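Please keep the sequence and the coordinates at hand while reading.

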Amino acid sequence: MYCVRNVTEDLYWVGANDHRLHLFENIHPIPRGVSYNAYLLLDESTVLFDTVDWSACRQLLENVEHLLDGRPLDYLLINHMEPDHGASIEEILLRWPKVKVISTEKAFMLMRQFGFRIDDHELIEVKEGDTQCFGKHTVTFVAAPMVHWPEAMVTFDLTNGVLFSADAFGSFGALDGKLFNDEVDFDRDWLDDARRYFTNIVGKYGPHVQLLLKKAGGILDKIRVVCPLHGPVWRSNLAYLIDKYDHWSRYAPEEQGVLIAYASMYGNTEDAAQALAARLCDKGLTKVALYDVSNTHVSTLISEAFKYSHIVLASVTYNLGIYPVMHNFLIDMKALNLQNRTFALIENGSWACKSGDLMQKFIDEEMKNMTVLNERLSMASSLHADKAVELETLANALLESVGHTAE
């Protein structure tokens, strides 16, 4: 049974929702599922913008066949070749053997690498600034390399102001009928998934996103609808969306607040983290998030690290090193290019307390544009009353750095 929604007068969403997949890219948990967005334009020519993951291919085919209602599919336009969008290309080529394929040189290279038999079809290679007319609608192409694959482009419909944004402006989460941003409470239900999607999938490539935003700025007054390949279609409040992407891609925090991430073996380091959180909140700073790195997926930790201005790392010493899951969190922050944060450290060790110095060394030598506060809480096995002054000093240093006046 087909499942489609009208986006604009001639444009339809023909994608699918997936609640069966548990791990996006086989690594990131998606408890709310994910959508694979594809779009069909019914003009004098018919145009399919991107495809879907192989698991959703049947739904895509039913949707396209329903809307075509016997018409041929004239063009397949591919903005992004990652398999969650490109895996169904072969099925489209088999069912509509006369379809013409529009994409970039690198995308055609990747299609051949994936084994798609595209050379039996007319291939239209485009580059930035080229245009293609389908009847009433004329589109132009904008290169978006490394957002987040090297072949990516976005397509702008000059006629109705629709931007087909590939993986930019996307989000985890299945749509489940609610296609548009104004049909959901985005701040409440979608922002965390959108941030987690961006920071973990695209976050490493912030400078490339900034370049794309600068290009989009030239046509910002003409963009009416943003159609990403995952998540809601944006038809209102575009400034909100662009502001979030600008913050994330500049590695600028959304919130002046504190993320406390702790690695605790037997609960003693956790006690210190909890005590610090309580002191901060008691002093009026309630923008505080606390996570156990051992049972929180690192994609959530990364998302929260992008959100907050200050990060407290609390780690036990393990085999004279940083606790492994805390070390992994540091490695992931480095890999995803997180910058411009202020850190504070809590260290624990029963006989050789090394974790604080090692975390500071990693931050100083391996990461970019980071500050580590001089104040540090050091513990031997557990938090005792004689550490009350150190705890208070650390809390006050964080308050001053955040710019919050104690109440």
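Asn337 is buried, with a relative accessible area of 13%, where buried means under 20% relative accessible area, exposed means over 50% and partly exposed covers what lies in between, computed with a 1.4 Å probe on protein chains only. The model is a predicted one, in which local features need pLDDT of at least 70 and side-chain atom pairs count only at pLDDT 80 or more, whereas totals for chains, interfaces and linings use all residues. Residues are numbered from 1 along each chain as its sequence is written, and side-chain values use heavy atoms, with hydrogens and water left out.

**Backbone features in loops**

Asn337 is placed in the loop between helix H11 (324–335) and strand E21 (342–348); helices (H or I, at least four residues) and strands (E, at least two) are DSSP runs numbered from the N terminus. Asn340 lies in the loop between H11 and E21 as well, and at 34% relative accessibility Asn340 counts as partly exposed.

| Residue | Phi |
|---|---|
| Asn337 | near 70° |
| Asn340 | about 60° |

Elsewhere, the peptide bond from Val147 to His148 is cis, with omega near 0°, and His148 is found in the loop between strand E13 (138–143) and strand E14 (153–157).

**Helix H6 and its surroundings**

Helix H6 (residues 191–202) has 12 residues and reaches 16 Å from its first C-alpha to its last, close to the 16 Å expected at 1.5 Å a residue, the expected span being 1.5 Å times one less than the number of residues. Of the 12 residues of H6, 11 are buried, so the helix is largely enclosed by the rest of the structure. The cover over these buried residues includes strand E4 (23–24), strand E5 (28–29), helix H5 (186–189), helix H7 (206–217), helix H8 (238–249) and helix H10 (298–307).

Ala194, a residue of helix H6, is buried with a relative accessible area of 4%. Not counting residues up to four places away in sequence, Ala194 touches Gly170, Ser171, Phe186 and Trp248, contact meaning heavy atoms within 4.5 Å.

**Rings and charges**

A search of the whole structure finds 16 aromatic pairs; rings of Phe, Tyr and Trp (its six-membered ring) pair if their centres lie within 6.5 Å, and planes under 30 degrees apart count as stacked, over 60 as edge-to-face and the rest as tilted. Phe198 and Trp248 form a tilted pair, at 5.6 Å centre to centre and 35° between the planes. Because Phe198 lies in helix H6 and Trp248 in helix H8, this pair ties together parts that are 50 residues apart in sequence. Phe198 is buried at a relative accessible area of 0%, and Trp248 is buried at 2%. Ring pairs link Phe169, Phe198, Tyr245 and Trp248 into a cluster.

The charged end of Arg235 sits over the ring of Phe180, 3.7 Å from its centre, while Lys100 lies over the face of Tyr75, at 5.4 Å from the ring centre; the criterion is NZ of Lys or CZ of Arg within 6 Å of the ring centre and within 35 degrees of the ring normal.

**Nonpolar cores**

The largest nonpolar core has 89 residues, and Val7 and Tyr245 are among those with the most contacts inside it; such a core is a set of buried Ala, Val, Leu, Ile, Met, Phe, Trp, Tyr and Cys residues joined through side-chain atoms within 4.5 Å. Apart from this core lies another, of 30 residues, among them Ala305, Leu338, Met370 and Val372.
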